[in-house]
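Visitor: Can you walk me through this one? I'd like to start with the charged side chains.
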Amino acid sequence: EPLKALEDEFGERFVRIQRSYIANLDHVASIEPLDTGDARVHMKDGSRLPCSRTYRGGLRQRSG
């Protein structure tokens, strides 16, 4: 199933952060900007996910 369909199904608390990733905003601990314009999303469980510059602005806007 395409991620866009899952993102729509899960609702507003889920946001696309890269072509292959969506993240639950309730589990995001922090967003680390990188020199390349991309970002690294630190999750509360300690995992880190890539965030492309394409989706970085939307992530920041929705994570408040």
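Guide: Let's start with a term. A salt bridge is a side-chain nitrogen of Lys or Arg within 4 Å of a carboxyl oxygen of Asp or Glu. This is a predicted model, where local features need pLDDT of at least 70, side-chain atom pairs count only at pLDDT 80 or more, and totals for chains, interfaces and linings use all residues. Residues are numbered from 1 along each chain as its sequence is written, and side-chain values use heavy atoms, with hydrogens and water left out.

Visitor: How many salt bridges does the structure hold?
Guide: Five. One of them joins R16 and E7, with the closest N and O atoms 3.7 Å apart.

Visitor: Why do such side chains pair at all?
Guide: Opposite charges can pair when the charged atoms come close.

Visitor: Is R16 buried or exposed?
Guide: Buried, at 13% relative accessibility. Buried means under 20% relative accessible area, exposed means over 50%, and partly exposed is in between (1.4 Å probe, protein chains only). E7 is buried too, at 13%.

Visitor: Which residue does D26 form a salt bridge with?
Guide: R13. Their closest N and O atoms are 3.0 Å apart. D26 is in the loop between β2 (21-24) and β3 (28-33), and R13 is in the loop between α1 (3-10) and β1 (14-18), so the pair ties together parts 13 residues apart in sequence. Those labels are DSSP runs, numbered from the N terminus: helices are H or I with at least four residues, strands are E with at least two.

Visitor: And how accessible is D26?
Guide: D26 is partly exposed, at 41%. R13 is partly exposed as well, at 38%.

Visitor: New topic. Which strands form the open sheet, and in what order?
Guide: Three strands do, in the order β3-β4-β5, with antiparallel pairing. The edge strands are β3 and β5 (48-51), each pairing on one side only. Two strands pair if DSSP finds at least two bridges between them.

Visitor: Over how many bridges do β3 and β4 pair?
Guide: Five, in the antiparallel sense, with β4 covering residues 39-43.

Visitor: What stands opposite R40 in β4?
Guide: E32. E32 and R40 also form a salt bridge, the closest N and O atoms being 3.2 Å apart. E32 is partly exposed at 29%, and R40 is partly exposed at 29%.

Visitor: Last one. What lies across β3, β4 and β5?
Guide: Helix α2 (residues 53-63), running at about 135 degrees to β3. Axes are lines fitted to C-alpha atoms, for helices over the stretch in contact (heavy atoms within 4.5 Å). Angles run from 0 to 180 degrees between N-to-C directions.
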